[in-house]
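Hello,

Here is the structure I promised you. Please open it beside this email and follow along as you read.

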Amino acid sequence: MSVSVARPNRDVAPRSLVFSVVLGLVSSVAAQDQAAPTQEQLNFFETKIRPVLVTHCHECHSSESKIVQGGLRVDSRDGLLQGGDNGPAIVSGQPEQSLLIKALRHDGIEMPPKGKLPASVIRDFETWILMGAADPRVAKGPVGVSAVDLEEGRKHWSFQPVRDPPIPAVHDASWPVDPLDHFVLARLEQAGLRPVADADRYTWLRRVSLDLTGLPPTPGEIETFVRDNSPHACEIVVDRLLRSRAFGERWARHWLDLTGYADMMGTSNSVFAEHAWRYRDYLIEAFQNDKPFDRFVREQIAGDLLPAASPQERAENITATGFLMVGDVEIVEPDKAKLEADHVDTQVIKIGTAFLGMTLGCARCHDHKFDPIALPDYYGIAGMLRSSPATHKIPFGVWSKLNSTELPETPEQKAARQKLEAEHAEKLAAMKGEQIKLETEKKTVDEQLAAVGASLDGQVAPKLGGESRSDSPTEKTSLTKRRDELAEQLKKLAPRIQHAEFFASKVPHAFAMCDGAQPTDMPIYIRGNPYSPGDVVPRGTIRVASWDAFPPIPAGQSGRLQLADWLADRHNPLTPRVTVNRIWQKLFGEGLVRTVDYFGTRGETPSHPELLDHLATRFLQNGWSQKQLIRAIVLSRAYRLSSTNDNAANKVDPDNRLLWRMNRQRLDAEALRDQLLAVSGELKPTNGGPGLVLEEPENCGELRQSGVNPPNYTHRKPRTGEEFVRTIYLPVMRTSTATHDNLRSFFDFVNPAQIAGQRNQTVVPTQSLFVMNNELFRKRAKTLADQLITDSPQVDARLNQLWLRAFSRPITTAERDAALTFLAELEASLDSQDASTRESLHWQELCHSLLASNEFLFRI
Amino acid sequence: MNQFRTISRRRMLQTTACGFGGLALADLVSAANGPRADGRPDMVPRVKRVIFLFMAGGPSQHDLFQEKKFITDRHGQKIDSPLRKEVLQVGTEQYLALGTVAPIRPRGESGMMISDLLPHLAKVADDICLLRGMNTDNPQHASAVNQFHTGVFTEVRPSMGAWISYGLGTENRNLPGFVSIHAPGVRTYGSGFLPAEHQGTPLTVPLNDKTLPIENLRNVSSSDAIQQRRMGLTKRLNQRLIEDLRGDANMEGMIQNMELAFRMQTTTPQLVDLSNETQAALDLYGIGSGKESDKNGRACLLARKLSESGVRFVQVTMDGWDHHGDIRTLLPKLCQQTDQPVVGLLQDLKQRGLLDDTLVLWSGEFGRTPWSQDVTGTAPFDKHGREHQPESFCAWMAGGGVKGGLTWGETDEMGYRVVEGKVHIHDLHATMLHLLGIDHTRLTWNQVGRDFRLTDVHGTVVNEILA
């Protein structure tokens, strides 16, 4: 495999779309002129250089160009000296240092794009630059190069420090429950709107249960709540939900959408990422235990560098850095410099998106076109990550592997693990013993067969055991049969032994970050190309969001620890805002800033800027506790509103940006599948662990340590009971949807190559087909039907139970009549089987009908 | 972040048209067009639709479309590697020149070079425009396939079919704008950040009763009548809810889709059923049980039917071109499987007068090396194959607006680098859009503050190949 250098791949829209950074007019470069050129030099330019520039370059790189590509103009000497996004195009007297020459040679940059110019022309350019690049042309109009103006940039709202705005006064003082309600109501009153009525208790309970845990309330929970007349009934529910493991499972999955998580390393060959699950389990614990968010940030960026009081804590810290490891890493990339640059890029992008709401990836190739983020900002962060090598080339072939770190164990863990290994070794030894036994027997049979064959061929009859054989043809048949049996057994045994040897060690590992041997600043890669290094820039962070100079990085350290501290600092204007906005979005369907992953100048402005800051302030005051913030929000009046439309409000604010009602949402893929299993009573609790079923040899490809391709994984044989675990525990594949359950691929599951804090919500006919005909729905309907029949002999009670389970509310009279009619009609049309089979079928159809309805598929 | 969560009623109705057999809904869909609803193209369109024949795996240009004397003369001998030293390859350490599998000869009046392995294509050489200077950026399948379909390798972006559906809307309100037959992975037909109505509908041509053309298409109730009753009840429940809530675009969409999905259970199998085709039609495509070309023949015939009915972008994927070893045996077999179906499609389109306003594109995600590869390290030379090569490869176009019989682009003496007429994937995309009447720099979607394009910030229309 060979590779061409990356073409600039993430450039941004035309430069004519001007942004809030300043165009620095360049006149100073002229001063760098050497002595006046000779006539001979000028003639050289006129005959050899100018015509080529006009013919091959002016279309895209001159004042006549519709769009000046790459910010480079070659129609004046200043233009060439100043250069474009990549820096100067020529360095007078130094052809080897001149980007223009590299481009003409198609070395890293390819110009002209349609094909290389003849070698003689390239030589002319070298000569011309060597002679001092004589060029009489003067720029028409300004030769601009963007320069990021930080002071101007800081005026953007999201870079301003978080404020603690006063609670606004409202006319209807009886409406607010929480201070945050004042901000909501004040905006509504300003617009002359009124919030709609509160949702009923059943709706609120279903809503808060689904939002906090991804599961509906059970009939028992519903009954307890509606009977609880105390003023604390809601708080009791919320506290119960927040304590549950289901909360951790739900919110960890939200976070995974920001990480590119999958159980596969890259998109090629389904190479399994066998330790990825540890990061997923880390997240579940972190959310369940309400790990303070600042701590959560520090661990994920630099957990390996943090002090730890115990082996468990140390293991947790290391595992947390999986955040930077679990994305789509193209480990088959044969150009390792490119692999490193690309992987660092995904890490920078992830940090930018998840914590800062910034599109940092734009600044890999050039200063950000809209936001005050420059190349040195990007390479300041990239330098830290490059100082912590995340992939290593394996000795054979072209592949790399992800860095993994051995996790410390407690003495008990270690003892348990060694016991497991001993058992494993015993099994392996037994298999090997078996192998030797079979081989020995096969050898004997082979010899006997050879002997029989020889005697049948009319040769001298062999003396076996001193007797001559008379029944050789029969003998041959039975020997052949035995030989084939043995060969078959040996063939089956070999991969099992290989598998057992491959997985002999049970020492826990995690994909993790680790400072390299020589942490160092890195050069800007011109156009993002690792083969075109530019100026070295100090490690640091984005300056526009900084309140102080970046602290010095001690020698021998990557700087990730300092970056982690910066991200999690209470002065950081972005981290708390981005985080509380994400939480709000998960609970209300839309963020206060609807572009949840982008707080830059082209993003949306907050609908309620003061509310956003109010929430961020409370978040900081409460020690970055996510649970406390979530608790406050779901107990607020705003969260309690019905989702019913109101004509008047709809006219003024059709998008409901002012929150006059609750937004409705279709359940996401996980909640949909988990709810199905919960309603049918089949959901099986688990404590996590590997999603991949690597213990089944048939799921693993060839397990040689030195194959051309690394071992791969196919989900042929699921783990027993896997069908019933929560969706977060199912393996996430990158290229196929071939787990036994593919609901995720129909219902907007985030593609694991994507970093996105909010999923699309699409409505397409293939989803309807899924709901109508997929066996996931069909089987749940059957289980549910049979349970209802067993639990409630009486039809009315059974119907009520069904409505409670599927819709989290009692059945209405009209619905009961409709259901009874439906059952009667089916009874009339189905006559084959016996009564109990018929009853089961009728109820299955009824249950399926409810599970396919919008009230089940939506959270209102 | 997406821009289309607040879905308008009109958008929702459009979405519901995005499936097969939505006849009954046709009257509801008053404006089934993309967001560029003015319908005015940027320039005069030369074609109305595209059929993309995707040869997944990377067909060997050295065995199909170009012979290099330099290589032929050195068949089996060591040559100098042109690779940069940073680039790793496995199984090519010896750099043995590998000559063509079968003779490549001039064909038609144009004298276009085509291999004996493609006898059908050889007959229509004057109808196709051969691009020998194709160029892409990545040597891995997954990345190169992504780039071919979406313009980029790693980020999740809309596929070209989705962009075209978005740019031009649908020609037939009852059919989707984009269908992908035997799609190679979800990202090749995804709509990325574009509205989901533009995503491709993946379709399988069933060769037996067990395969469904679309997943979950088979009714799971014991009869259609019972399923209908079940769905009737669901509909009543849905109706009641939507009245309580006084309207909801998403829920309305789900209601419409359920009716559409119900009809798709009948209309889709009818659509893919070829039992009413004439024997002549089947023969043209090489369809017949036991024939090597049966599967691809069926797929190509279906592509013609869909295209003729107004599907803007139909993709047919034919895989198996990844010949790392034993190319001498495997490549001829694959040519047998694909040559007649592909050419049958061209001839059928021509007979029906459709070729004039259809663009047919044939290409793999990259090409293969002029030197041999043996990943086992032990195979004899005549069992060697070829490694991936993104630096240069061949593709062809046929149909409206393209110069038939033209060979465009040339590579160096060994067939590694493009020296003339380079066409990068971005240029190919730009040219395809141009033929459809779209300026590739103006077909944009705004996302996280930035206008995105299929061609990113690149792409030049290859004017030289335009008729």
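**Chain A overall**

Chain A has 31 helices and ten strands. Keep in mind that this is a predicted model. The C-alpha trace of chain A spans about 110 × 105 × 60 Å along its principal axes. Chain A has 860 residues, and 49% of them count as buried. Now look at contacts in chain A between residues at least 6 apart in sequence: 71% of these join residues at least 24 apart.

**Two crossing helices in chain A**

Find helix α27 (residues 775-791) and helix α30 (residues 835-851) of chain A. Their axes come within 8 Å and cross at roughly 120 degrees. That angle makes α27(A) oblique to α30(A). The crossing of α27(A) past α30(A) is right-handed.

Which residues make the contact? From α27(A) they are A:F777, A:R778, A:R780, A:A781, A:K782, A:L784, A:A785, A:D786, A:L788 and A:I789. From α30(A) they are A:E839, A:S840, A:W843, A:Q844, A:C847, A:H848 and A:L851. Sorted by class, the contact of α27(A) with α30(A) has nine nonpolar, three polar and five charged residues.

The spacing within such lists is worth a look. An α-helix has 3.6 residues a turn, so residues three or four places apart point the same way.

**One arginine in chain A**

Next, go to A:R859. This residue sits in strand β10 (residues 858-859) of chain A. Is A:R859 buried or exposed? It is buried, because 24 other C-beta atoms lie within 10 Å, and the cut-off for buried is 20 or more. Leaving out residues up to four places away in sequence, A:R859 touches A:R206, A:R207, A:L210, A:Q665 and A:L667.

**Inside chain B**

Start with helix α6 (residues 160-168) of chain B. Nine of its nine residues are buried, so α6(B) is largely enclosed by the rest of the structure. Among them are B:W163, B:I164 and B:Y166. What do the buried residues of α6(B) pack against? They pack against β1 (49-56), α5 (141-150), β5 (178-181), β7 (313-319) and α12 (425-435) of chain B. Just after α6(B), B:G169 takes a positive phi of about 70 degrees.

Then move to strand β8 (residues 358-363) of chain B. Six of its six residues are buried, so β8(B) is also largely enclosed by the rest of the structure. B:T358, B:V360 and B:W362 point one way from the strand. B:L359, B:L361 and B:S363 point the other way.

β8(B) pairs with β1(B) in the parallel sense, over six bridges. It is joined to strand β11 (residues 393-399) of chain B by five bridges, and that pair runs antiparallel. Follow B:L361 across both pairings. B:L361 is the bridge partner of B:F52, and it stands opposite B:M397 in β11(B).

**Where the chains meet**

The contact takes 74 residues from chain B and 78 residues from chain A. On the side of chain B that touches chain A, the elements that give two or more residues include α1 (9-16), α5, α8 (249-272) and β10 (385-389) of chain B. The largest share of that side, twelve residues, comes from α7(B). By class, the residues of that side divide into 35 nonpolar, 23 polar and 16 charged.

Best wishes

Technical notes
Residues numbered from 1 in each chain as written. Chains lettered and ligands numbered in written order. Predicted model: local features only at pLDDT ≥ 70, side-chain atom pairs only at ≥ 80, totals over all residues. Helix = DSSP H or I, 4+ residues; strand = E, 2+ residues; numbered from the N terminus. Buried ≥ 20, exposed ≤ 12 C-beta atoms within 10 Å, placed from the backbone. Contact = placed C-beta atoms within 7 Å. Axes fitted to C-alpha atoms, helices over the stretch in contact; angles between N-to-C directions. Parallel < 35°, antiparallel > 145°, perpendicular 65-115°, else oblique. Left-handed = near helix turned anticlockwise from the far one by under 90°. Nonpolar A, V, L, I, M, F, W, Y, C, P; charged D, E, K, R; others polar. Pairing = 2+ DSSP bridges.
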